[in-house]
Amino acid sequence: MAPSAPLCLIADVDAAHASALAEFCDGLGFRVECVAPDAVGDLAVGGATSAPDVAFVDAALGVDELRRLAGGLLADAELFAMAAEDDTVLAEACIRAGYSFFFRKPFSADSLAALLSDIAAEARAPQDPGDAAEGGSMVQFGLLRGSSRGMRKLFRLLRKVGPSDASVLIVGESGTGKELVAETLHQISERAAAPYVTVNCAAIADTLIESELFGHEKGSFSGALRQHQGFFERAHGGTLFLDEITEMSLDLQAKLLRVLESGELRRVGATQTQPVDVRIVAATNRDPQRAVAEEQLREDLYYRLAHVTALLPPLRRRGEDIRGLAEHFLRQLNEQHGTGIRFTADALAAIDEQAWPGNVRQLRHAVERAYILAEDEIAASDLELDATDEAIAVAADIPIAFGMSLADAERRIILANLEHYGGDKKDVAERLGVSLKTLYNRLRDYGDGDADGR
């Protein structure tokens, strides 16, 4: 098989089954590496010189190990878990661990042929780096753009789950575009013509979020001057996106779970329940398993939300997508303002070399700032890529006197950063190293009228 063929990794405790599966995959155009299941984590095992495009992993390894592999070597692969028994509980655990498919051995050639053929064809599709730099080979799926392996895997998952009513938990670092994934899911669903409602669970005070989610009756509490429809009612028939779900209190998570399980809600102060029909898409920048262990996310709610888990890769793992996205953002600015500004070669090289801890959001902001500073072209010096040094520079300009209270100094630092970064609360929270909920709580303490995010 040609070295350019896509790579299939098979880790099966049953040697005979592994051999038959390898022969089948070879016939579909894959290079195949068979390894002992307990040796999958070693990149050098079996002669594998690159991350696989497809991986078949025996569930006998255990769900914890499956999850570890899904977040490491196999992060960008299309993942298949397999087991000797037809175990529904195990299958659901594997799906939550990041595996797109689960099957009972032996494999079904008819079931796998079409899917694997599509993956092989996609992996072999030529990509001209020059075209990628101009955005020419960047694939757009809904509101998302990218041609890297991780994004193509995400697109395949969204195509499969989009038309269904399955709850989806989007997991990804801050700034990777979880909101765009959620809106894309709505756009490609059968609910696309119905409302799409977003809720930032970190941006609403704990004392208000129950009323905001479920609504309230007039007179149900002090200040309730009229009946209020909550987010659930406003999203009826459509999609409700719960961003930063792990920032919601555990008590409210329990109430949310009851609504999801029963399909009914009761407004605050009401005596009767009412039916509600919404599809739930949730998102978190935390590892959901760790959030459960640290009691930031109820385990039963996690299982209810994560019918399907969509993993959004960080920008640093997206290869040519980084340059392609930078060109895309610059092209948008040029079209908006009727200009023809371009990147210099050293600017593109600098973009390629960055780790981008703030992901796509940081890249977009860097391009926007550079566009403002540039005349005919954007040089590396226009990009201001070291966000840490920049944040320190902002703080250095804030007057902080000896004897000033810590609370007052903190207030000045937060407000100065908000002014410097154009009021982008997510960006400022990330740069200051605090959670978005903490930032909103501080702004409420300062009397910021926009602290509730509305």
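This report covers the fold, aromatic pairs, cysteines, helix packing and selected backbone features of a predicted model.

## Overall make-up

The protein chain has 454 residues, of which 50% count as buried. Its secondary structure comes to 19 helices and 16 strands.

## Aromatic pairs

A search of the whole structure gives seven aromatic pairs. One of them is formed by Phe24 and Phe107.

Phe24 sits in helix H1, residues 15-27. Phe107 sits in the loop between strand S5 (101-104) and helix H4 (109-124). The two residues are 83 apart in sequence, so the pair ties together separate parts of the chain. Both Phe24 and Phe107 are buried. Elsewhere, ring pairs link a cluster made up of Phe56, Phe80, Phe101 and Phe103.

## The loop between S5 and H4

The loop that holds Phe107 also holds Pro106. The peptide bond from Lys105 to Pro106 is cis. Its omega is near 5 degrees.

## Cysteines

The model holds zero disulfides. Cys34 is in no disulfide, and the nearest cysteine sulfur belongs to Cys8, 7.8 Å away. A disulfide requires sulfurs within 2.5 Å, so the 7.8 Å between the sulfurs of Cys34 and Cys8 rules this pair out.

Cys34 has a relative accessibility of 43% and counts as partly exposed. Cys201 has a relative accessible area of 1% and is buried.

## Helix H17 against helix H19

Helix H17 spans residues 406-420, and helix H19 spans residues 436-445. They pack at an angle of about 110 degrees, with axes 11 Å apart. H17 and H19 are therefore roughly perpendicular to each other.

H17 brings Glu410, Ile414, Leu415 and Leu418 to the contact. H19 brings Leu439, Arg442 and Leu443. By class, the contact of H17 with H19 has five nonpolar and two charged residues, with no polar ones.

## Helix H18 against helix H19

Helix H18, residues 425-432, also packs on H19. The axes of H18 and H19 come within 9 Å and cross at roughly 110 degrees. That makes H18 roughly perpendicular to H19.

On the H18 side, the contact uses Lys425, Lys426, Val428 and Ala429. On the H19 side, it uses Leu436, Leu439, Tyr440 and Leu443. The contact of H18 with H19 has six nonpolar, no polar and two charged residues. Leu439 and Leu443 of H19 take part in the contact with H17 and also in the contact with H18.

## Thr198 in strand S9

Thr198 is found in strand S9, residues 196-200. Thr198 is partly exposed, with a relative accessible area of 45%. Setting aside residues up to four places away in sequence, Thr198 touches Phe231 and Phe241.

Thr198 can also be placed relative to Ala182. The two are 16 residues apart in sequence. In space they are 9.1 Å apart, C-alpha to C-alpha.

Glu295 is not a glycine, yet it has a positive phi of about 60 degrees. Glu295 lies in the loop between helix H11 (288-293) and helix H12 (299-305). Its relative accessibility is 61%, and it counts as exposed. It is classed this way because 61% is over the 50% cut-off.

Asn359 likewise has a positive phi of about 60 degrees without being a glycine. Asn359 lies in helix H15, residues 359-373. Asn359 is buried, with a relative accessible area of 0%. In short, Glu295 is exposed in a loop, whereas Asn359 is buried in a helix.

Methods: Residues are numbered from 1 along each chain as its sequence is written. This is a predicted model: local features need pLDDT of at least 70, side-chain atom pairs count only at pLDDT 80 or more; totals for chains, interfaces and linings use all residues. Side-chain values use heavy atoms; hydrogens and water are left out. Rings of Phe, Tyr and Trp (its six-membered ring) pair if their centres lie within 6.5 Å; planes under 30 degrees apart count as stacked, over 60 as edge-to-face and the rest as tilted. Helices (H or I, at least four residues) and strands (E, at least two) are DSSP runs, numbered from the N terminus. Buried means under 20% relative accessible area, exposed over 50%, partly exposed in between (1.4 Å probe, protein chains only). Axes are lines fitted to C-alpha atoms, for helices over the stretch in contact, and angles run from 0 to 180 degrees between N-to-C directions. Angles under 35 degrees count as roughly parallel, over 145 as roughly antiparallel, 65 to 115 as roughly perpendicular and the rest as oblique. Contact means heavy atoms within 4.5 Å. Ala, Val, Leu, Ile, Met, Phe, Trp, Tyr, Cys and Pro count as nonpolar, Asp, Glu, Lys and Arg as charged, and the others, Gly among them, as polar.
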